[in-house]
Amino acid sequence: MNRKFISKSNRILRKILNSKDNLDIVQNFIESLLKIKIKEIQLNPYLEKKAKYLPEEENFGIVDVRIKLLDNEELNIGIQFIDGYYIQNKMLLYYAQIHSNQLEYDDKRKIAKTVTINLLDFNYFDSKEYHKKIVVKPNEEEGIVDNNIELHVFELPKFKNSNTNKINQEEAWMTYLYGGKDSSFNMVIEKFDKINKLDRLLSEYWENEKME
């Protein structure tokens, strides 16, 4: 895994990416991994505020945004790193937190479907694919009618890219997240401007970070 993400990865990236100046990085990341096109993106800025009242080990994710697609469908998107303990619980609890946080809005917007991106730096599922989409349908028989729960899980160690000459945005992000010091890692930093920007921001963070 990219060593710049070690030690409280969610908190560090939350500090960097919860800014209007860096929403372009978040948009590019979401578009690349979910293969969608975003028309509008808006930051939900209360994550850091809520983090003050949560146990540190809960982390509470990296970023929470409301997006509008080209067809005007709106989605609520949350992104988090998960460590190797209680994986399923953490995915579902995070989804519930991000979905229910929509009640914090003060603009009376409608509740939108929530989608979460879960990043793992270890293998968890038996499948060979590094990207797993999990959809949980509502129980209509019990009168529970809501949007499907949609979770995306990316297992970084399973990602393998053999052709660096034709690397796309998703592959570039996976290469950068997984880390390493090979030519492909350095190439994606140089070639993809949003990854380059994030890498510079992370370097600046670690240069200025004081020991706690």
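Partly exposed describes a residue whose relative accessible area falls between the buried range, under 20%, and the exposed range, over 50%. Keep that in mind for the views below, which come from a predicted model.

**View 1. K194 and D24 join two helices.** K194 has a relative accessible area of 22%, so it counts as partly exposed. Its salt-bridge partner is D24, with the closest N and O atoms 3.0 Å apart. Because K194 sits in helix α7 (residues 193-208) and D24 in helix α2, the pair ties together parts that are 170 residues apart in sequence. D24 is partly exposed too, at 26%.

**View 2. D24 also meets K197.** Here the side chains of D24 and K197 form a salt bridge, 3.1 Å from N to O. This pair also links distant parts of the chain, with D24 in helix α2 and K197 in helix α7, 173 residues apart. K197 has a relative accessible area of 19%, so it is buried.

**View 3. R66 pairs with E74.** The closest N and O atoms of this salt bridge are 2.5 Å apart. R66 is buried, with a relative accessible area of 5%, whereas E74 is partly exposed at 32%. The structure holds 8 salt bridges.

**View 4. I30 in the largest nonpolar core.** This core has 46 residues, and I30, V65, I77 and I117 touch the most other members. Helix α2 (residues 23-34) gives the largest share, 7 residues. Leaving out residues up to four places away in sequence, I30 touches K35, I36, I38, V65, I77, I79 and I117. Another core, of 9 residues, lies apart from this one and includes M91, Y95, I134 and V153.

How values were computed. Residues numbered from 1 in each chain as written. Predicted model: local features only at pLDDT ≥ 70, side-chain atom pairs only at ≥ 80, totals over all residues. Heavy atoms only, no water. Core = buried A, V, L, I, M, F, W, Y, C linked by side-chain atoms within 4.5 Å. Buried < 20%, exposed > 50% of the residue type's maximum accessible area, 1.4 Å probe, protein only. Helix = DSSP H or I, 4+ residues; strand = E, 2+ residues; numbered from the N terminus. Contact = heavy atoms within 4.5 Å. Salt bridge = Lys/Arg side-chain N within 4 Å of Asp/Glu carboxyl O.
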